[in-house]
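Please keep the structure open while reading.

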Amino acid sequence: MSETLLEVKNLKKYYSSSKGIFSKKNESVKAVDGVSFTIEKGDVFGLVGESGSGKSTIGKTILRLHDKTEGEVRFKGEDVFSLIKKDLRRLRVQTQLVFQDPFSSLNPRIRVGDAIGEAMVQHGLATNKDVREKVLQVMETCGLSPYHADRYPHEFSGGQRQRIVIARAMALNPEFLVMDEPVAALDVSIQAQIINLFSELRKKNGLSYLFISHDLSVVEHLCTKIAIMYLGNIVEMATKEELFDNPLHPYTKALLSAVPIPDPRVKRERIILKGDIPSPVNPPSGCKFRTRCPIATELCAEKVPEFRDVGNEHFTACHYV
Amino acid sequence: MLSEALLEVKNLETNFYTEEGVVKAVNNVSFSIGEQETVCIVGESGCGKSITSLSIMQLIPESGKIENGEVNFAGRNLLEMSKKEINRLRGNDIGMIFQEPMTSLNPVYTIGQQMIEPLQEHLLLSRKDAYKKAQELITLLGIPNSEKIINMYPHELSGGMLQRIMIGIAISCNPRLIIADEPTTALDVTIQAQILDILRDIKKELNTSILLITHDLGVVAEMADYVIVMYAGKIVERGPVMEMYTNPQHPYTKGLLKAKPLIGERKESLFTIAGQVPNLAELSDSCYFADRCEHRMDICLKKHPELKETSANHSVSCYLYEGEAVR
Amino acid sequence: METVKQLIYKEKKPVKVKSPSLWKQTYRRLKKNKLAMISLFFLIFMFLLSFVGPYFSPYILDRTDIAYANRPPSASHWLGTDNYGRDVLTRLMMAGQISLTIGLASMFLSIVIGAFLGAVSGFYRGVVDLVIMRLADILMSIPGLPLLLIMGAILSEWKVPSEYRLYIIMIMLSVVGWPALARLVRGQILSLREQPFMQATEVLGLSDRRKIFHHLIPNTLPLLLVVATLNVAGSILSESALSFLGLGVVPPTPSWGNMMDAANNYMDFRKRPWLWIPPGLTIFLTVVSINLLGDGLRDALDPKMKR
Amino acid sequence: MKQYVLQRFIQMIIILFGTSFIIFFLFAMLPGDYIDSNLSLTPERAQELKALYGLDQPMLQRYFTWLGNVFQGNLGYSLKHQESVTSLLNKYVWNSFIVALLALFLTWTIALLTGVLSAIKQYSLLDGIVTFFVFAAMSFPSFFISLLFIKWFGVDLKILPVGGMIDTGSNSTGFAYILEVGKHMILPVTILTLLSIGSLTRYFRTGMLEVIRQDYIRTARAKGLKESVVIFKHALKNAILPVITLLAFELPGLFSGAIIMEQIFNWPGVGRIQLESVSFRDYPVLMAFTLFLSCLTIIGNFLADVTYAAVDPRIRLK
């Protein structure tokens, strides 16, 4: 029996786009529009979607980097949004975040060693005396040389900076990491290094990840469970094997077929979706995907499809599955 | 291969003068593009692939300088042309598409105003005819409501739409060559699929050649006839697309192909190329890839290998394939 | 398969392991800017001249000697003497003390007020922000010189003695100077807050004190330094204009501005240029140097703008 | 857009009130009104007079009374000039206005040209010279440069008049009059232009430098457009838009920048009157002009924001 680490229930996050007191229409961007999932200990949960799908918003909301609109987030049974400041700081040690852009997520005026060590000292995980030693340890695990500690972030390349960001997160010895597109800004050869680092850290420290990405091949390589998002909703969720071997939702199918395969011998029938992703301010009625769906009917415009279990822990939201 | 080359780049060298020193962004690069051929330059950031394409169009930033080489387009060297002559080629015989559709169009002019410019400049169309042609182009590229789109400003459209508009501008004067610099990098996968589809159609219908710059080996496999792999400003390998994927030779090419996770592959860990790309301002005499290479030999540290043909049209720059280089 | 550890890039260990601090790096870049360095040396020279110079002067500041009045520049009086027979060079040095002090002190005051209010505005936002920023807007809507004129008039009406006016002028200049600074600091803090590295401090659970003193403030300092430098130039100009009009520092206390008052006298203006050209030129050169230094600092602090 | 204008308008009203209050408050701090300084009055009589003029009432009430008068065009009475401040303002403001307007025109034309040229020829000799002049212009104390110019051109070379608007005792009319005034305007306008040209040139230069590095400029070049079209059509419009905001700032700025210049050149404009009013303790005049300049600034600011929003499509359509 596995232990539930994170439980997200019907999470909603709307950003109001009203411009002050005189605006008549109160339009809001429905970034996350009712999302539920659970992450068990040891899971690598992949959250896949295109821009505007709300995947990054979920990552930041469950860490309480901003407020929710509705719903519930529980970490190890505790409601994250009802924690008082002191308890929130305790939670901060257990959960960490790795950002997409390794250039802006490091303070340019703080030396790498200090950046990694400061939170350790603040949370009492190290004293001013042994912090240096502990920092060097963590840096070594993340593939950084000891002398890197005395340098400034701008002296490093993207890949090395991402290692620093990971080391900074790992310094607190967390149980759960949210990765917000951690390899999207990196080149292929560097990307492979970082992905392998994730796998190793997970094996060694028994970590769980929420891995947010737009890249299906990376997600397939790393994740155990995957959810596909479209315009603020999860449209399909299953274990990795299920999802890739037996994709059900038309969006998942299109997404899979759109990924270019690096082999010129493979020629396949591609599903090319029509049109653009609609604005999350004014999403289509019924099924939000219907405007681009190759099999949409009138029913799809009228009724929101239910997100249901089709067996084998495979969930999807489509009338025609 | 087609005998007549439309574009021929010979020993191109572009340097940037920075505070840290001279950066050799494009270092002795030679290749050619035949009529109706799609050539892809692939490589990681900083390898000089974009600067190569900008050097052809002579659009490199001010701190850069084309120091050497020839760029022959339809038999004439672009680097020796006057500014006026080059302007007559740009947008007319050679169209260009850039990476960031959101910033590549002028925010204070409408789509129409920007689309008619090359039509008026090169095809000498009247304003009215140019607008008509622009509208046709928009429809051709699969955007509905062309009469509305034409009066809109760039920020009102999505990235995918804007990239179509950019393509529309590039093809408006029926160019013989289209240079596309990472045209889908900033776009989502489903939109990328649309754009690649359009590029393929254009090539078929307009009989143009395409020079496609990308870092995505998947895109290369789908689009290219001929592939050029660049590393640290130099071509390390080039060859026909089938050859490159079935029989890659340079350790870097091999590494790139293995490092990318594939859908349906599911292996335990990924192949990695250790280390980082070298600083282009501090290059030594060694093979630039030597630091990261699994097969490094003594000679690799002494001199950068020449690009040599190993089979028909397939060249590689590595001592592993030079008979005389005994370990 | 190799593990990550084995694959650590075998890069050559650099000779110098510890990078110099960012301030040192900035100074090194600044050193390359010749114009800024010349300006820096000129300013140091001006300071020495004003604060140490008078000790080497054979003349006593306020000693008047009508017999020696209105002498043109000579070997004994390098810049001549004024209507009371006082040595112009000595007075220029003493005036430098006053003008430079006012410039620096009012800058400090403006920075303290402006940075504090701006930071509070940017960090807490809400009503505090609204009130502070409206106040800044209002003060910025009254053109600077008329505002200073009114305050100067109030000073005159209240018959503030000459030796105290000095301090009140510092305060006046900072009243005019703080709103722009507060706006700047607020903007800076608002944009910093959105930076991922500030979000990271939240995720890492750092205390508010750590966030403000180790992350926010050090990142606003570079810009503040540049603006502070330029602010000194502005203050010196305003003070001199005010004193020239007789509303700032008033005689017998000398300042560069009120020394130029000589030009208001028709005879002095036409026949005795040594009375007003040296102070005018001093103001100009000092202000130019400060502006050039500030510009150099801006470039040195922001390596992205490098050539 | 409508919402934005409305919101910005309300903000303007708030600032107008705030500013007028601050100005009123400052003048209320000035002791020595007419009654207090008149020692011949008995305390009782003084009290009566104060009641008559409403001076014994709480400040807030006096503020609103004053504001009411302002709205009716009653800005007070100048003791020195023995006429209402409104008519005084009307008499002198135009003299200042001509100088300011001419300087504004010159500043913008020259700054635009030199700013753009030095940006597209960055690090050239021209750029170096322009930058040098910009720094010099920004650093000159206005009174010093005015005096120097009078000394050089008026006293030493004797080619331009040293001050005033017309020659002493002149009664020329028609074209001769215009010519005479024009001659007297040369120095004031030059100085005013010189004083404000530095920062504006710098604005144009940095703005242009930023714009010509943008992707869309590269696109324009890739389309094969002539360099002049690229710079003057594609780059310039983007570089000018943000600077429009300054235009509205500039005019009131020139008025207040002209105060010292008018004094030195003996130019019969509002600036000189304003300085005079300080020395003659003619406070209603000082107060009215300060209020006038502040309102000009605030309204100009509002107009600038609104025009900017109207010409920039990125804001206009939101």
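Two residues are in contact when they have heavy atoms within 4.5 Å of each other. On that basis, residues 24 or more positions apart account for 70% of the contacts in chain C with a separation of 6 or more. The model is predicted.

**Chain C**
- Chain C has 11 helices and 0 strands.
- Its pattern along the sequence is α-α-α-α-α-α-α-α-α-α-α.
- Of the 307 residues in chain C, 52% are buried.
- The chain exposes about 14,600 Å², with 66% of that supplied by carbon and sulfur atoms.

**Interface of chain A and chain C: extent**
- The contact involves 38 residues of chain A and 35 residues of chain C.
- Between them, the two chains bury about 3,200 Å². Carbon and sulfur atoms carry 55% of this area.
- A:R109, A:E118 and A:Y147 supply 22% of the area that chain A buries against chain C, more than any other three residues.

- A:E118 forms a salt bridge with C:R210; their closest N and O atoms are 2.7 Å apart.

**The side of chain A that touches chain C**
- Elements giving two or more residues to this side are α2 (85-94), β6 (95-98), α3 (112-122), α5 (158-170) and α6 (188-205) of chain A.
- α2(A) gives the most, with 4 residues.
- By type, the residues on this side are 12 nonpolar, 12 polar and 14 charged.

Definitions and conventions:
Residues are numbered from 1 along each chain as its sequence is written. Chains are lettered from A and ligands numbered from 1 in the order in which they are written. This is a predicted model: local features need pLDDT of at least 70, side-chain atom pairs count only at pLDDT 80 or more; totals for chains, interfaces and linings use all residues. Side-chain values use heavy atoms; hydrogens and water are left out. Buried area is the accessible area (1.4 Å probe) that two parts lose on being put together, summed over both. A salt bridge is a side-chain nitrogen of Lys or Arg within 4 Å of a carboxyl oxygen of Asp or Glu. Ala, Val, Leu, Ile, Met, Phe, Trp, Tyr, Cys and Pro count as nonpolar, Asp, Glu, Lys and Arg as charged, and the others, Gly among them, as polar. Buried means under 20% relative accessible area, exposed over 50%, partly exposed in between (1.4 Å probe, protein chains only). Accessible areas come from the Shrake-Rupley method with a 1.4 Å probe; for residues, only the protein chains shown count as cover.
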